Structure formats: structure tokens, C-alpha cells
Amino acid sequence: MDTLQQSRIKPLFDFPINLRSLIDEIPLGIIILDMDRRIMLLNRSFESLTGFSQNEAAGVPCYHILRSKMCIKGCPALNMKQESKPVCMESDLINRDRNLIPVRVNLALLKDPDHKAVGFLETVEDMRPIKELDAQKSHAYSFAHLIGRSPQMEKIFQILPVFAQSDSSVLITGETGTGKDLAAEAIHQASNRAKRPFVKVNCGALPETLLESELFGHRKGAFTGAVENKPGRFRLAHNGTLYLTEIGDLPLSLQVKLLTFLDDQMVYPLGGTTGFQANVRVIAATHRNLEQMVQTGRFREDLLFRLNVVRIHLPPLRERRGDVRLLLDYFLNSLNSRFRKNIKGFSNKTLDILKGYPYPGNVRELRNISEYAVNVCQEEKIQPHHLPAYIVEMKPMIEAQVLPPIQTGLNEYTLPETEQTWGAMERKLIMDALVKTGGRRSKTAELLGWGRSTLWRKMKQYGINQ
Amino acid sequence: MPEKILIPLYGNDVAPRFDLSTEVLLTVRDKNVSDGEEKIVVLSQASAEKLCHLILTEEVDVVICSGIEEEYYQYLTWKKVQVIDSVIGSWESVLKRFYEGTLQAGDILFDEKD
């Protein structure tokens, strides 16, 4: 070690300088190893990165100090020959503070004047700042949780913050799975009401009588069972935002009441004589064609005019095919960290299939497909056989194939008769795995990449009894 | 009261990484018995979660390891497993030092000759 530390660089300077003090000034972790990969010398940056000092690390094999994945999985120094070129690898290390740090490692042979290898020079670069930049970059094509880089989506990202600043009613339209809920929440979060409540009501989920009481509240004794006063969602959303999803399913009688509210901002609970002045911004969403509903008399025209102050239409995924790849990568990244997997990407064949699929369920369906594939995949890349069978079996979408317009909805677009639902697919997957493992549940769970309890729950859900 | 100790291995040394170890040494230290029984368990794959699971199912009292992520360190500590981390050296010398009662986190038991 002493000889190396005493090394002098004569031709450059009038007087010899210490090697350690020279490499200390380089803002990159540097270690010098002997041919047995023992640490001879390291610089200050390396000390601060790993937490090991020169005195502690001297003479210790580098894999004990660097503690990098590449040290364990296959140290490149082991395969280096006299004529080998420097190697650059991305890996990670765990430092003394127990932090897992992504790093880029460069390894080169050190040679004496006779070109004989005498050791190794290793540089270790902290990749955290670069990874953070990457993470920021990946959010570049987004607004809140909406992702996209197609011109249609970019237009929406530009206009959403503008709409958010006003108190006007908003009507969001778009097919199922296009992100209407996310858009509504994004508007609320970007508005001055962000710190106030965001109350969501699904107009299609409750029967008419219950919905009225749910929205506007009731007084004690208003009807049988009304044992106490109920404030109602409008009142709960006071000073905040009320999000009415599936507004197309709102019964006509309640449409009148909503119309009254939009006019005078007063909420009259059932059975009450006095009203409550609610300061609520209304955002409504639907996948139905409200204009068509107005024509058939199922939706009030005057309510449509009042809701339609600001209108946002979220395009279906098939109209922004350029976003498919971006969304696939986004979901793969987030699912990788959620399921603690390390899937690198999609094979070219898989990508072709996924890009050609029409996605009648839009982004939600794409996310579900990604989740299925990440769960099933045990390889580095997602292959076609990791995708749900109904996608692989489906013929690629051709330009001439016209899907039903958005408002006619998903109901008219049917998938192939066989294995058409996600549930059926999953059930089949479990059955196949059970057959493969001879009915052993723990093996089956392992094969599927699930926990035992997940498998048990899903078996119960699909009524699979052993 | 016997004490169960687990050391992730890399050859004869304490493994540099807890999460990448595929072999572990399990030993029971009983003060009434001079030599504890040692057994080496080979894991099907390297995984910090599986190793934590093994530690809990085997009711290990002490884990001696080198690099371990904070998340797993805190989890094991929370599960009342003593973790002595950042220990570098051969498992024999580490275990000897532990039995002597002088092993501490961050100890480097490497000589130039090792």
C-alpha cells in the first residue's frame, strides 16, 4: 500500500505529490486494488459513499467494503485478462448507514511500465441524483396521476390548471377507464379548494330515494327510519368540491333538484323547511352521450347547459396509441416496486401484441393487463405467454376495424366468447397451477408468485374447493 | 437459555450482503454445552424477505451480518431479533468473538494474511 500511496507523478509537476491527496479532490469514489482484489487505497468520496475509512478498508477484499450486487453476482475483475478493456456496469451497494445506493462502477486494469497488470482501478459513481432526475423526467408527461404525451393529452394537461382556478361547473366525458375520476381529483387538487373536502357520489350506485337523502340530507322524522338529522353530501362538501360521477344515471326528479342547487346554491334537506347555503363546486362526469339523452328525454337540457360550462373530453386509448408504450412503462415501473419485482421490460413480440390491442377498457384495462403480466412473469422480460390469453388470441387491431363510439359504451363491444372476463382468466390460471403442482397450495402460490393467503382468498372468491 | 444465531455466508466469510446471500449458518449457543451445533442451510434463492421469514420461523435470537438495508434491520429489530451488522470476517472468527462477548456492529476481523 505504501508504495502506491507514495507514487509520484513526476513529469507533470516540478515536485512529487501524494497520490491520495490527488484522488481526494476527485468527486467520484475511487479505489485501487491489488491483483487479489484487496483494497490498497481509496479516496474521500469513496469513504463518504460507503462509510468505510482508508484505515478500516486497507487490505480487506473489496467485495466486503463495496458490498455491491455485482461483487456477488459476478465480479468483472475475476475475468479480466492482461489485454482486457475497462468495464462499466450499473449496480447498487449498501453502505454503512444501511442505505441501498444505485451506482455506476468502472473497472480498469492498472499496468506497470512493462504493461504487466499490477492491480485494478475502480471508480464508483453515486447514481442517486441521476435516478432522481429520471424519476422527475418520467413525470414530465403527466398532470397529477394522468399520464400521456399525445397531443390530445398535452392539450388537456395545459387546460386543466386553468379550469382548476375557476369555480365553474365542469363536465368530464370519456369512455370507461379513461381517467375521469383522476381528472376530477386533479382539478380539485390544483384549485384553491384543495385543502377542503373532495366528496365523490356515484349517481348510478344508489336507488332514487336513497340518493336524494344521500345528496341533500334529511331532517329527523322526514321518513320512516330517519331517526336523526343527516347532513348530505352537498353539505359535507361545503367549501370544497362535489364530484358527481355517472351523472347520466341521475334520475329525472333529482336532476331538477340539482338544477335548483346550481341556480341558487341552496340545499334543502328532505323534510326540512330551511335551506343551507353551500359553497360547493360541482364536477360531473359520465361515459354517456348526454346530448343524445336530452333528445330522447332522459336528461334535462337545462341541466346539461348548466353543467356544460367547462367541458373536458378524455380521449379513448385507441385514439392516442402513442401513449400505450408510455403507460406500459409507467405501470411496469410502479408495479415492479409494488410487487418488489425486477422485470426489465416487454419483449418485442409482447409489445407488438399490446400495441395492436384495441383496449375497450382503456387505461384501466391496460393497467390490469400489466398487473396480470407482472404477477405471472418470472423472467426478465414480459413474454406473450405472460399476457392474459384473450389478448394473445385476439387478432391485432387493423385500421378498418371501427369500434363503437364512446357513448354507446362498452356493453356493445364484446370480447371473444371464451374466457372473456378477467375473473375467468384468473380462475383458469389458478386451476392450471393447481393441476401442475398436484393440488399443493404452497407450491401453487409460489408458482403464481402470490402469497399463500392471496391464493386462498382468490380460491375462495372463485369457489375453487379442493 | 440457548441462543440461536444466524450468519449469512459467502464462502467462509460473513456475506457482504444480507439480501444476496444464498447460504446461512445456523448455530445454537448453549452455555451448558461447550460446542454448539452448527448447520448450514442453502436457500433456493437470494431474498431478504425469505431470509427474514426463515429467521422468524427458526426463532433466531441473533443475526450477525454485513450489509443490510435499513428496512430489514428495523423489521428484525422490531421482531426482537438482535442484529449485529457491518461485521466483516470469517464466520469462525466472528462467532468466536461473539462467544467472547466482544463482537460489535462494524467490527472488521480481517488480517492481511486472510
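In this predicted model, strand β8 (residues 170-174) of chain A is joined to strand β13 (residues 281-286) of chain A by 4 bridges. The two strands run parallel. Within this pair, A:I172 lies opposite A:A285 of β13(A). Strands of a sheet pair through backbone hydrogen bonds, in either a parallel or an antiparallel arrangement.

Both strands belong to an open sheet of 5 strands in chain A. Its order is β9-β10-β13-β8-β14, with parallel pairing. Strands β9 (198-202) and β14 (310-314) of chain A form the edges, and each pairs on one side only. On average, neighbouring strands of the sheet are turned by 20° against each other, direction ignored. Helix α9 (residues 180-190) of chain A packs on this sheet. The helix touches β8, β9, β10 (241-245), β13 and β14 of chain A. Its direction makes about 155° with that of β8(A).

Chain A also meets chain B. The contact involves 24 residues from chain A and 26 residues from chain B. About 2100 Å² is buried between the two chains, and carbon and sulfur atoms give 54% of this area. On the chain A side, A:H64, A:I72 and A:R98 lose the most area to chain B, together 34% of what that side buries.

Across the interface, 5 salt bridges are found. One of them links the side chains of A:R98 and B:E70 (3.2 Å, N to O). The two chains share 12 residue pairs in polar contact. Elements α5 (62-66), α6 (69-74) and β3 (87-94) of chain A each give two or more residues to the side that touches chain B. The largest share, 4 residues, comes from α6(A). By class, this side of chain A has 11 nonpolar, 3 polar and 10 charged residues.

Key
Residues numbered from 1 in each chain as written. Chains lettered and ligands numbered in written order. Predicted model: local features only at pLDDT ≥ 70, side-chain atom pairs only at ≥ 80, totals over all residues. Heavy atoms only, no water. Pairing = 2+ DSSP bridges. Axes fitted to C-alpha atoms, helices over the stretch in contact; angles between N-to-C directions. Contact = heavy atoms within 4.5 Å. Buried area = accessible area lost by both parts, 1.4 Å probe. Salt bridge = Lys/Arg side-chain N within 4 Å of Asp/Glu carboxyl O. Polar contact = N/O pair within 3.5 Å; in protein donor to acceptor, adjacent residues only side chain to side chain. Nonpolar A, V, L, I, M, F, W, Y, C, P; charged D, E, K, R; others polar.
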